[in-house]
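Please look over the model shown here before reading the comments. The points are written for someone who is new to reading protein structures.

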Amino acid sequence: MKIDVDLPKFDIPKDYIVGDGITGDILNMYGLFPCKIKAGVFAFCTQGTIRLTINLSEYTVRANDFVTLLPNTFIQIHEVSDDARVCFVAFSSRFLEGINFIRTISNLIVTIIENPAVPLSENAAAIYKDFFALLVRADNDPDSILFADSLKPILDLIFQGIINMYKKISTWHEPVLSRDKEIAREFVQLVWQYYTKERSASFYAGKLRITLPHFCSVIKKTTGMTALDIIASVVILDAKAQLKSTNQPIKEISIGLGYSNVAFFDKYFRRYVGMSPLEYRNS
């Protein structure tokens, strides 16, 4: 089936889009540089493999894997098999904000972020394949049942299915973490929340209510990276996505990332990327 829709690169102009035959050619559009997706995307791999980075972690998605990409997720696809096929439905950020989606899923956000891909049984995979095909058929029909008032029940149905997916995989229940790992986990969550405003280790140590030396020691020991390098990795990921995928002036990008002086942003970017933002954009 020929699909005339794209996976959303940033957001989508209407409340939703759906497709059930996305190929490797389309998926490869997400290669070369990271992309920030503002929409919420629920995707199901029907065949093939896809190696990609979601936020800061790399995954290999295989046939019968269900992938949940929450709003403001960064993705970069590295390798797609020739036979890869993906079904998906995406909801715009405006629609999700209107129904307060993030509050609805607040108890599961961390689990989804840490485990965005869930393997399904053969029976469950067959049901989801039929489900996406039905959505595409309904969307293409002139008398479509997919309209504003029907979208929230559809999203609720998808999310209830996601909840059941995670419940059935007992090994992914919330683990008992050591205090050090708990600190590192909370730190990473805080970075995603504050990286456009706060980049000092002392700020995050204060939020975690521990001393700065202890904080720096724990982060280095548990992650192998310094706190500043973790913060930088998120800032640079966002900067790269905007530089390559938007026409926004570099000054506006720097302001959005919390830099009132574009020269400071330039220096910060050069330190971690080895070239200026403009050079990276043109590369």
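The numbered points below go through the sheet, the paired strands, the cores, the helix packing and some single residues.

1. Basis of the note. This is a predicted model, in which local features need pLDDT of at least 70 and side-chain atom pairs count only at pLDDT 80 or more, while totals for chains, interfaces and linings use all residues. Residues are numbered from 1 along each chain as its sequence is written, and side-chain values use heavy atoms, with hydrogens and water left out.

2. Five strands, in the order 1-8-3-6-9, form an open sheet with antiparallel pairing; strands (DSSP runs of E, at least two residues) and helices (runs of H or I, at least four residues) are numbered from the N terminus, and two strands pair if DSSP finds at least two bridges between them. Strand 1 (16–23) and strand 9 (117–119) stand at the edges with a single partner strand each, so one side of each has no neighbour in the sheet. From one strand to the next the twist averages 15 degrees. (Angles run from 0 to 180 degrees between N-to-C directions, and axes are lines fitted to C-alpha atoms, for helices over the stretch in contact.)

3. Strand 6 and strand 9 run antiparallel and are joined by three bridges, and Asp 65 stands opposite Pro 119 in strand 9. Helix 5 (residues 122–140) packs on the sheet, where it touches strand 1, strand 3 (40–47), strand 6 and strand 8 (85–91), and its direction makes about 120 degrees with that of strand 1. Contact here means heavy atoms within 4.5 Å.

4. Strand 7. Which strands are joined to strand 7 by bridges? Strand 2 (residues 35–37) runs antiparallel to strand 7 and is joined to it by three bridges, with Phe 74 as the bridge partner of Lys 36. Strand 4 also runs antiparallel to strand 7, with five bridges between them, and there Ile 77 is the bridge partner of Leu 52. Six of the eight residues of strand 7 are buried, so the strand is largely enclosed by the rest of the structure; buried means under 20% relative accessible area, exposed over 50%, and partly exposed in between, for a 1.4 Å probe and protein chains only.

5. The nonpolar cores. In soluble globular proteins, nonpolar side chains tend to be buried together. A nonpolar core is a set of buried Ala, Val, Leu, Ile, Met, Phe, Trp, Tyr and Cys residues joined through side-chain atoms within 4.5 Å. The largest one has 36 residues, of which Phe 187, Tyr 204, Phe 215, Ile 219 and Phe 265 touch the most other members. At least two residues of this core come from each of helix 7 (179–194), helix 8, helix 9, helix 10, helix 11 (250–256) and helix 12, and helix 10 gives the most, with 11 residues. Another core, of 33 residues, lies apart from it and has Leu 70, Val 89, Leu 108 and Met 165 among its members.

6. Helix 10 against helix 12. How do these two helices cross? The axes of helix 10 (residues 227–245) and helix 12 (residues 262–273) come within 10 Å and cross at roughly 105 degrees. The two helices are therefore roughly perpendicular to each other, a term used for angles of 65 to 115 degrees. Residues making the contact include Val 235 and Ile 236 of helix 10, and Phe 265 and Tyr 268 of helix 12. Ile 236 is buried, at 6% relative accessibility, and its contacts beyond four places in sequence are Tyr 268, Phe 269, Tyr 272 and Val 273. The C-alpha atoms of Ile 236 and Tyr 268 are separated by 8.9 Å, although the residues are 32 apart along the chain.

7. Two backbone angles to check. Most residues other than glycine have a negative phi. Asn 72, however, has a positive phi near 70 degrees; Asn 72 sits in the loop between strand 6 (65–69) and strand 7 (73–80) and is partly exposed, with a relative accessible area of 42%. Arg 209 likewise has a positive phi, of about 60 degrees, and it lies in the loop between helix 8 (201–208) and helix 9 (212–223), where Arg 209 is exposed, with a relative accessible area of 79%.

Notes: Parallel < 35°, antiparallel > 145°, perpendicular 65-115°, else oblique.
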